[in-house]
Amino acid sequence: MTQQDPSTLPAHPDPGTTTEPSPARAVRLRVPAPLCLVGLFLVVYLIAVCTPFGQRAENALFSENGANPAWIYDWSGAAYQSSALPPLEHTAMPTLLVGIAVVAAVTLVRRCWWQGCAATGIVVVTLGSKELARMILPRPDLVDAHASLIETSFPSGHVAIPAGLALGATLVASPRIRPYVTAAGMLWLAFTAGAVQATYHHRPSDVLGSTLLACACYSLATRLLPTADAPGTSRHPRALPAVALALSAAVALLAGARDDSVTQSLVFAAAAFLCAVLLWFITARGPARRTRPSH
């Protein structure tokens with residue numbers, strides 16, 4: 001039997017020892033996802049609302065033509081005696097109530113009590129934090145804007161409804177259909193975010209702020225759920241992410257398009273599409289793993 005030099009053999013760490021993580025990985029693990037999302041929310045607010053540059057940039061997206069040139073105008077509820085697609089205009093509250101009822105029904109059918117409570121909490125906390133942010137985050141007039149442009153609109157309540165309901169529905173859905181529920185929620189969120197911008201109800205920062213709040217609530221809920229009830233990374237057809245993102249981009253462009261400005265249309269569509277991307281990312285990444293220190 002030949003003997004091998006121990007220095008040439010692969011090293012096998014002792015099962016009782018643990019490998020020290022790199023400093024960069026250690027820092028990354030210490031920052032929870034909900035805190036990162038709340039931080040991004042504050043960054044969007046500070047840049048877009050609390051700086052002259054941000055206010056001028058967003059105010060420049062509003063022209064004197066009003067909401068009429070928006071492609072979605074006839075279906076936004078802004079036109080006289082027009083029908084509003086949920087959750088625009090007067091359909092916001094009925095949409096919210098129906099959505100919560102659907103989440104409760106799915107919870108009863110699937111008997112997923114923890115997920116149902118978490119899903120309802122996502123919707124309630126998202127809307128509650130939106131109202132709180134409206135009260136405590138002012139919009140200072142830094143650029144002597146027109147009176148119609150200094151009203152507090154950050155974050156958007158209309159966008160908070162589809163964002164919160166879509167994430168809540170994703171949480172209570174069965175793993176087999178969860179990716180498709182998420183894809184449908186992306187389309188709904190992209191449509192709503194584009195429409196409220198094109199009709200001059202909200203700015204790009206408003207829709208991004210609401211989406212970040214909803215994603216932070218979802219991330220917190222998945223961390224607080226018991227390990228057995230936390231949603232894992234769902235399997236989905238390989239083409240589904242590409243198809244969902246492509247359809248979201250198309251819906252965002254249609255909902256955010258205007259006849260009077262290509263620049264405004266592209267900016268509104270980009271912000272709406274980014275909302276859909278955030279929703280897909282936060283649901284696709286799976287819950288944070290709970291690790292215990294080794295002794």
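Good morning. I begin with Pro86, which is placed in the loop between α3 (52–59) and α4 (92–110). Please bear in mind that the structure before us is a predicted model. Pro86 counts as partly exposed because its relative accessibility is 41%, and that class lies between the limits of 20% and 50%. Setting aside residues up to four places away in sequence, Pro86 touches Thr91, Thr95, Trp188 and Phe191.

Ile161 leads me to the nonpolar cores. The largest of them has 68 residues, and those touching the most other members are Phe41, Ile122, Phe154, Leu167, Leu171 and Val207. At least two residues of this core come from each of α2 (33–49), α5 (113–136), α6 (157–172), α7 (178–198), α8, α9 (240–256) and α10. Ile161 itself belongs to a second, separate core of seven residues, which also includes Val123, Leu127 and Leu165.

Let me return to Val207. Beyond its neighbours within four places in sequence, Val207 is in contact with Ser156, Val159, Ala193, Val196, Gln197, Ala271 and Cys275.

Finally, I turn to a helix pair. How do α8 and α10 pack? Helix α8 (residues 204–224) and helix α10 (residues 262–284) have axes 9 Å apart, at an angle of about 5 degrees. The two helices are therefore roughly parallel, since angles under 35 degrees fall in that class. Val207, Leu208 and Leu212 are among the α8 residues making the contact, and the α10 side includes Ala271, Cys275 and Leu278.

Methods:
Residues numbered from 1 in each chain as written. Predicted model: local features only at pLDDT ≥ 70, side-chain atom pairs only at ≥ 80, totals over all residues. Heavy atoms only, no water. Axes fitted to C-alpha atoms, helices over the stretch in contact; angles between N-to-C directions. Helix = DSSP H or I, 4+ residues; strand = E, 2+ residues; numbered from the N terminus. Parallel < 35°, antiparallel > 145°, perpendicular 65-115°, else oblique. Contact = heavy atoms within 4.5 Å. Buried < 20%, exposed > 50% of the residue type's maximum accessible area, 1.4 Å probe, protein only. Core = buried A, V, L, I, M, F, W, Y, C linked by side-chain atoms within 4.5 Å.
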